[in-house]
Amino acid sequence: MPRYVIERNYAEQLEASKQANDMINRINDEEGVKWLFSFLSADRKKTYCLYEAPNEEAICVAARRAGLPADVIVEVSEEIRPDMFD
């Protein structure tokens with residue numbers, strides 16, 4: 001399944017909660033997308049999320065339904081790690 005990095009910009013600091021997480025995962029399941037993990041910026045106003053999804057549109061639909069921004073969506077290919085070259 002294709003992977004995407006999503007940049008999300010928030011007007012205020014993001015406060016994560018179990019309730020929000022459960023809602024996002026339910027919507028993602030319904031749209032066929034899988035949230036793998038996210039990084040939160042130091043000021044808590046931006047996230048960089050890695051997702052698996054059939055296409056970019058599925059990510060956009062899930063984000064709209066969840067009330068989340070999806071400011072930049074980039075399809076990424078293979079993973080590169082420093083230890084691959086040892």
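Biologist: Is Arg65 buried, partly exposed or exposed?

Modeller: This is a predicted model, so every value here is computed. Arg65 is partly exposed, with a relative accessible area of 39%.

Biologist: What does the side chain of Arg65 meet in a salt bridge?

Modeller: A salt bridge is read from the distance between a side-chain nitrogen and a carboxyl oxygen, which must be within 4 Å. The partner of Arg65 is Glu31, at 2.8 Å from N to O. Arg65 lies in helix H2 and Glu31 in helix H1, so this pair ties together parts that are 34 residues apart in sequence. Glu31 is itself partly exposed, at 26% relative accessibility.

Biologist: How many residues apart are Arg26 and Glu30 in helix H1?

Modeller: They are 4 residues apart, which means a separation of about one helical turn. Their side chains meet in a salt bridge with an N to O distance of 3.3 Å. Arg26 is partly exposed at 41% relative accessibility, and Glu30 is partly exposed at 46%.

Biologist: How many salt bridges are found in the whole structure?

Modeller: The search finds 9. One of them joins Glu79 to Arg3, with the closest N and O atoms 3.8 Å apart. Glu79 lies in the segment after strand E4 (72–76) and Arg3 in strand E1, so parts 76 residues apart in sequence are tied together. Glu79 has a relative accessible area of 42% and is partly exposed; Arg3, at 28%, is partly exposed too.

Biologist: Which residues are linked with Arg3 and Glu79 in a network of salt bridges?

Modeller: Glu52 and Arg81 belong to that network along with Arg3 and Glu79.

Biologist: Now the empty space. How should I read it?

Modeller: Rolling a probe the size of a water molecule over the atoms shows where empty space is left. Here the largest pocket holds about 390 Å³ of space. Its lining has 21 residues, and Tyr10, Leu14, Ala16, Ile24 and Trp35 are the closest to the pocket centre.

Biologist: Which element gives the most to the lining of the largest pocket?

Modeller: Helix H1 does, with 5 residues. H1 (18–31), E2 and strand E3 (46–52) each supply at least two residues of that lining. By class, the lining of the largest pocket has 12 nonpolar, 5 polar and 4 charged residues.

Biologist: What volume has the second largest pocket, and what lines it?

Modeller: The volume is about 210 Å³. Among the lining residues are Arg3, Phe37, Phe39, Tyr48 and Glu79. Strand E3 provides the largest share of this lining, 3 residues. The classes are 7 nonpolar, 1 polar and 3 charged residues.

Biologist: What do Phe37, Phe39 and Tyr48 form on the surface?

Modeller: They form a nonpolar patch, with about 320 Å² of accessible area together. Phe39 is exposed because its relative accessible area is 55%, and exposed means over 50%.

Biologist: How many cavities of 30 Å³ or more does the structure hold?

Modeller: It holds 1. About 40 Å³ of space lies in the largest cavity. Its lining includes Arg8, Asn28, Tyr51 and Ile59, and helix H2 (residues 56–66) contributes the largest share, 4 residues. By class, the lining of the largest cavity has 6 nonpolar, 1 polar and 1 charged residues.

Conventions. Residues numbered from 1 in each chain as written. Predicted model: local features only at pLDDT ≥ 70, side-chain atom pairs only at ≥ 80, totals over all residues. Heavy atoms only, no water. Patch = residues over 30% accessible without salt bridge, like charges linked within 9 Å, V, L, I, M, F, W, Y side chains within 5 Å. Areas by Shrake-Rupley, 256 points an atom, 1.4 Å probe, with all protein chains shown as cover. Buried < 20%, exposed > 50% of the residue type's maximum accessible area, 1.4 Å probe, protein only. 1 Å grid on protein atoms, 1.4 Å probe; cavity = no way out; pocket = protein on both sides within 12 Å on 5 of 7 lines; lining within 4 Å. Points joined across faces, edges and corners; volume = space filled by probe spheres on them. Nonpolar A, V, L, I, M, F, W, Y, C, P; charged D, E, K, R; others polar.
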